[in-house]
Amino acid sequence: MMLPGTASSSVSPFHRVEDPRRLQALIDAMLLIEADVDLPVVLRKIVESAVELAGARYGALGVVDESGTGLAEFVTVGVDGDTIAAIGSPPEGKGVLGLLVRDPHPIRLADISLHPDAAGFPPGHPPMRSFLGVPISAGGELYGNLYLCDKQGQAEFNQEDEDVIGTLGLAAGLVVDKARLVARLRELTLSEERERIARNLHDTVIQRLFAVGLSLQSSLRLVEQPEAQERISLAVEDLDETIRQIRTTIFAISRSKRRSGQGLRAQVLDLLDEAAGRLGLEVKVTLDGPMDTAVGEACAEHLLLALREAVSNVVRHAGASTIDVRIVVDPPSDLRMTVYDDGVGIDPAALGGPGRGLANLGERARLLGGACSVARRPGGGTELAWEIRRLS
Ligand SMILES: Nc1ncnc2c1ncn2[C@@H]1O[C@H](COP(=O)(O)OP(=O)(O)OP(=O)(O)O)[C@@H](O)[C@H]1O
Ligand SMILES: [Mg+2]
C-alpha cells in the first residue's frame with residue numbers, strides 16, 4: 001500500500017527520520033497494529049501518538065464518508081469535552097480539511113487561516129495556527145486524514161514532523177485494513193455457523209423425529225385399547241407438526257447463499273426450489289421482465305427476503321399444498337410480486353397479532369416507494385401483493 005502523497009518519493013519517510021528517540025517512539029506507535037483492540041480505540045491511540053510525536057497541541061483523525069467528498073467521523077485529542085459540545089457539530093470536510101479529502105497529499109501550513117481554501121472556525125472553536133495534515137489510505141482507497149495543529153514551542157511543523165506523521169498515517173491505514181479483514185472473517189464464520197446449525201438440525205433432529213414417528217405408527221397395531229391408540233395417533237400428528245415447524249425454521253434462518261455472478265432470477269428459483277424440496281410445497285412460478293439487469297442489489301435483497309417471508313407464512317399458517325409466485329419487472333421503476341396459496345385463507349383479525357413478518361413486508365415495500373397488501377381470495381386461499389416503484 002502506498003500513500004498518495006509519497007508515491008513518487010524513492011526514500012520512504014520512515015528512513016528519513018534521524019532522531020533515534022523519535023524513531024523508537026514511532027516504532028512503538030506502529031506496534032499498536034498488533035494490539036487486538038477495536039478500531040475506534042486504535043484510531044484514538046494513533047491520534048494520541050501523532051500529537052506526542054510531532055509535539056502538537058491538538059490532533060484529529062477524520063474518516064471520509066461514503067461519497068468520498070466529506071467527513072463521516074472525527075476523533076479529536078487536545079480539545080476538552082465542554083469545548084467540543086460548545087462547537088456543536090463536527091467538521092463536515094469543508095475548507096482545508098476538504099482540500100485534503102479532494103487532493104490527498106501531506107499539507108504543512110504556518111497559519112491555517114491564511115490558506116486560500118480556509119473556511120474559518122465556527123464560534124467556540126479554539127484558535128489554531130500551524131497545521132500538518134497527512135492522508136490515510138486503506139485497501140487502496142483514501143480512508144481519512146490525520147491532522148495536527150499548533151506545534152508546541154515552534155512556529156510551524158517541519159519536514160521531519162511530516163515524515164514521522166506520514167509514516168504513522170501509513171500504520172493507521174494498515175490498522176484499518178486489518179480491522180476490516182477481521183470483521184469480514186467474523187461475518188463469514190457467523191453465516192457458515194448458521195448454515196451448519198441448519199444442516200445439523202435438518203439431518204439429525206428431523207431424521208430422528210421421523211424415525212420415532214414411524215415406530216410409533218407401527219406400534220399402533222400392537223395396541224388394543226382404543227384410548228391408547230388415540231393417544232399414539234395424536235403423538236404422531238404432533239411429531240409431524242414439529243417436523244414441519246423445524247423445516248420452516250431452518251428455511252427461515254438459512255438465507256439464500258449469494259454466489260457471485262448469480263443473478264436475481266436464479267436466486268428466486270433457488271429459493272423456491274428449496275421451498276419445494278424442504279417444505280414439500282408444490283410451487284408454480286412465473287417470472288417476467290428483465291429481472292437480472294434492471295433490479296439493483298439492494299432492491300433484489302428486499303425482494304428475496306419478502307419472498308422468503310411470504311413462503312414461510314404459507315407453510316406455517318395456510319395449510320396449503322400449492323403456492324403460485326408471479327414476479328413482473330416493469331422498468332424503469334416498477335416491480336410487482338404476487339404470492340397465491342390454496343390454503344385456509346387469511347383471517348383479517350390475524351393482522352392485529354404479534355407477528356412481525358407482514359409488517360416487515362409492508363415496510364420493505366414502502367422503503368422502495370410501494371405497498372403491500374394481503375387478502376383472502378374469493379375461491380379460497382390467500383393472495384399477497386408486494387409492489388414497489390423503485391428498482392435500485
Ligand atoms: N398465507 C397465509 N394464510 C393464512 N394465514 C396467514 C397467511 N399469512 C399470514 N397469515 C396470518 O397472519 C398472521 C400474521 O402474519 P405475520 O407474518 O405478520 O406473522 P407470523 O408469521 O405469525 O410471525 P413472524 O412472521 O413474525 O414470524 C399470521 O400469524 C397468520 O395468522
Ligand atoms: Mg410470518
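How do the residues of the shell around ligand 1 divide into nonpolar, polar and charged? Seven are nonpolar, seven are polar and three are charged. Here Ala, Val, Leu, Ile, Met, Phe, Trp, Tyr, Cys and Pro count as nonpolar, Asp, Glu, Lys and Arg as charged, and the others, Gly among them, as polar.

A word on the model. It is predicted: local features need pLDDT of at least 70, side-chain atom pairs count only at pLDDT 80 or more, and totals for chains, interfaces and linings use all residues. Residues are numbered from 1 along each chain as its sequence is written, while chains are lettered from A and ligands numbered from 1 in the order in which they are written.

Back to the ligand. 17 residues surround ligand 1 (C-beta atom, placed from the backbone, within 6 Å of it). The closest are A318, A350, G355, G357 and L358. Two helices, α9 (297-318) and α10 (357-367), each supply at least two residues of that shell. α9 gives the most, with five. Helices are DSSP runs of H or I, at least four residues; strands are runs of E, at least two; both are numbered from the N terminus.

Now the strands. Two strands pair if DSSP finds at least two bridges between them. Take β7, residues 322-330. On one side, β6 (residues 282-288) runs parallel to β7, joined by seven bridges. L287 has I327 of β7 as its bridge partner. β7 also pairs with β8 (residues 334-341), antiparallel, over eight bridges. There, R326 is partnered by T338 of β8. What joins β7 to β8? A hairpin, through three residues.

Definitions and conventions: A residue is buried if 20 or more other C-beta atoms lie within 10 Å of its own, exposed if 12 or fewer, and partly exposed in between; C-beta atoms are placed from the backbone.
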